[in-house]
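Student: I've just opened this one and could use a guide. Can we go through it together, bit by bit?

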Amino acid sequence: MLRRRLLLVLGIGVLFVGVSACGVSKHQAASDLPDASKYEPTLFFHGWGSSYHAEEQMAHALVNAGLTKTIMRATVSKQGKVTLTGRFHEADDHPIVEVDFQDSRNSSPQQWGRWARATVVKLQHQYHIKRFNVVGHSMGNMAIMYGLLGSSDKMPKLQKQVDIAGHFNGILGMNDEPNRMKLQSNGKPTNMQPEYRALLPLRQTYPRQTAVLNIYGDKADGSHSDGSVSNASSQSLRYLVAGRAKSYQERKIVGANAQHSKLHDNVQVDRLLIKFLLAK
């Protein structure tokens with residue numbers, strides 16, 4: 001009888017300790033969760049046929065400039081599943097997210113837009129972000145713009161957008177030629193490609209709180225292009241967003257290092273990026 005009572009007392013004690021331990025464990029897990037709503041990540045989107053490696057110089061330039069110490073990766077599968085590698089840190093409010101599209105040779109800007117939007121939604125669900133910034137190179141700009149076409153009021157708010165070597169209204173050798181495209185005084189192209197026409201609704205829906213920096217290259221060889229995209233195609237972004245954006249500015253990079261694929265590794269671009277993203 002005595003033995004039974006001792007076993008009962010010991011059982012209750014073990015149960016009490018177990019419940020207490022669970023309570024502590026739960027408390028610690030909750031306290032480990034950061035106040036995610038304070039985060040304002042900057043997402044980098046690479047170009048066609050490329051990968052997150054194209055984003056690394058710019059990302060590390062921002063780290064060296066003191067914007068953040070955190071670089072994580074968002075890998076997007078062909079099916080659109082987003083996997084995050086790394087994590088946000090509580091004392092670092094402006095983490096960088098290098099986006100890596102696995103199907104980077106997909107030529108559909110609509111698909112790239114869905115992938116970009118899925119990445120933002122993934123960060124929203126996991127970290128409850130309310131604001132974010134984006135940097136795009138080449139086709140990455142189309143991912144951003146087509147992603148915005150499908151945005152809703154429930155999604156985080158885009159604060160700053162940096163476009164580098166954007167082919168918004170055509171690519172040389174495909175549907176454009178050097179010095180052929182003309183822009184009206186308001187930036188409207190005299191001839192619009194189907195992919196550009198699809199973006200025209202943004203003239204009524206582009207987020208008003210967003211500041212835009214448009215960077216494009218001119219090889220100074222008479223083509224008025226970066227070798228792949230005419231300056232007019234890059235500058236046609238203005239007609240889509242300038243009437244609604246908080247601000248819109250353009251910067252031209254000139255010379256051999258202004259070639260299309262070299263722009264994401266250009267120190268002039270790094271400086272512009274740093275100044276723009278660090279500005280209040």
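Tutor: pLDDT is the predictor's confidence in each residue, from 0 to 100. This is a predicted model, where local features need pLDDT of at least 70, side-chain atom pairs count only at pLDDT 80 or more, and totals for chains, interfaces and linings use all residues. Residues are numbered from 1 along each chain as its sequence is written, and side-chain values use heavy atoms, with hydrogens and water left out.

Student: What is the mean pLDDT of the protein?
Tutor: Of its residues, 87% reach 70 or more. Residues 1–33 have pLDDT below 50, and beyond near neighbours in sequence that stretch has 0 contacts (heavy atoms within 4.5 Å). For the protein, the mean is 89.

Student: Why is helix 4 largely enclosed by the rest of the structure?
Tutor: Its buried residues include M139, I144 and L148. Helix 4 is largely enclosed because its buried residues number 10 of the 11.

Student: What volume does the largest pocket have?
Tutor: On a 1 Å grid over the protein atoms alone, a pocket is an open set of points where a 1.4 Å probe fits, with protein on both sides within 12 Å along at least five of seven lines; lining residues have an atom within 4 Å of a point. Here 24 residues line it, with W48, M139, H167, I171 and M174 nearest its centre. Grid points are joined across faces, edges and corners, and a volume is the space filled by probe spheres set on the points. For this pocket that comes to about 460 Å³.

Student: Which helix gives the largest share of the second largest pocket's lining?
Tutor: That pocket has a volume of about 400 Å³ and is lined by 18 residues, including E40 and K160. Two or more lining residues come from each of strand 6, strand 8 and helix 9. The largest share, 3 residues, is from helix 9.

Technical notes. Helices (H or I, at least four residues) and strands (E, at least two) are DSSP runs, numbered from the N terminus. Buried means under 20% relative accessible area, exposed over 50%, partly exposed in between (1.4 Å probe, protein chains only).
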